[in-house]
Amino acid sequence: MHADCPPNQVRFFALFFWQELGMSPVATNAVYACGPVGIAALAFVMQRVSRTAGRPLTTIVCRTSSVLCLAMIAALTHWMEGRGGSGAAGSAFMVAQWSIPPLYIIRTWLMNCTSGLTKSILNDYVSRRNRAKWNALESVNLFSWRCEDTLLAADGYRLPLSATLLPLLWSHE
């Protein structure tokens with residue numbers, strides 16, 4: 001599990017891929033298998049980018065791009081509701097349906113690849129005796145995800161996808 005990926009979000013997307021997109025368990029696991037490898041590779045790349053652009057800017061760009069990917073997933077999910085069928089509408093539906101897993105993978109990579117950068121910023125600018133306090137604030141961020149299960153039961157997938165965007169906007173470490 002990744003530092004910025006809440007526990008119930010992982011479960012939520014697996015159900016979403018299966019129930020809404022009709023993905024098989026093998027395909028769903030393939031999506032999840034791409035996560036750690038891509039995060040590690042992108043973390044290496046972002047470390048190099050941060051030497052030129054700076055650690056804060058690199059983190060902000062990655063996390064903002066991640067939020068935009070999640071917004072596109074939410075928009076595609078909303079668009080897909082009530083659509084489908086055959087012909088041109090069916091083709092557009094299939095494109096939207098199979099665009100979501102790559103967006104999710106990219107979102108996961110971007111959101112989690114900068115955790116080393118943010119920890120290094122924290123260690124550089126916060127005294128040792130105050131680091132625990134700042135690290136404890138991350139638990140507040142994780143608490144914001146607990147409401148997602150309630151939203152899922154109430155409205156299906158569209159509302160939780162949209163509501164997930166708000167805590168992400170303010171979760172920069």
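Reader: In which helix does threonine 28 lie, and is threonine 28 buried or exposed?

Author: Helices are DSSP runs of H or I with at least four residues, strands are runs of E with at least two, and they are numbered from the N terminus. Threonine 28 lies in helix α2. Burial is read from relative accessible area: buried means under 20%, exposed over 50%, and partly exposed in between, with a 1.4 Å probe and protein chains only. Threonine 28 has a relative accessible area of 7%, so this residue is buried. Please note that this is a predicted model, in which local features need pLDDT of at least 70, side-chain atom pairs count only at pLDDT 80 or more, and totals for chains, interfaces and linings use all residues. Residues are numbered from 1 along each chain as its sequence is written, and side-chain values use heavy atoms, with hydrogens and water left out.

Reader: Which residues does threonine 28 touch, not counting residues up to four places away in sequence?

Author: Contact means heavy atoms within 4.5 Å. By that criterion, threonine 28 touches Ala14, Phe17 and Met23.

Reader: Which residues of the largest nonpolar core touch the most other members?

Author: A nonpolar core is a set of buried Ala, Val, Leu, Ile, Met, Phe, Trp, Tyr and Cys residues joined through side-chain atoms within 4.5 Å. The largest such core here has 23 residues, and Phe13, Phe17, Leu21, Ile73 and Ile100 touch the most other members. Two or more residues each come from α1 (7–19), α2, α3 (55–80) and α4 (87–112). The largest share, 7 residues, is that of α4. Leaving aside neighbours within four places in sequence, isoleucine 100 contacts Phe16, Phe17, Leu21, Ile73, Leu76, Thr77 and Met80.

Reader: Which residues of helix α5 are buried, and where do they fall around the axis?

Author: The arc is that of the directions from the helix axis to the C-beta atoms. In α5 (residues 115–125), the buried residues are Leu117, Thr118 and Leu122. Seen down the axis, the buried residues of α5 fall within an arc of 140°, so they line one face of the helix.

Reader: How is valine 45 classed by accessibility?

Author: Valine 45, placed in helix α2 (residues 25–53), has 40% relative accessibility and therefore counts as partly exposed.

Reader: What is the make-up of the whole chain?

Author: The protein chain has 8 helices and 0 strands. Buried residues make up 37% of its 173 residues. Among contacts between residues at least 6 apart in sequence, 76% join residues at least 24 apart.
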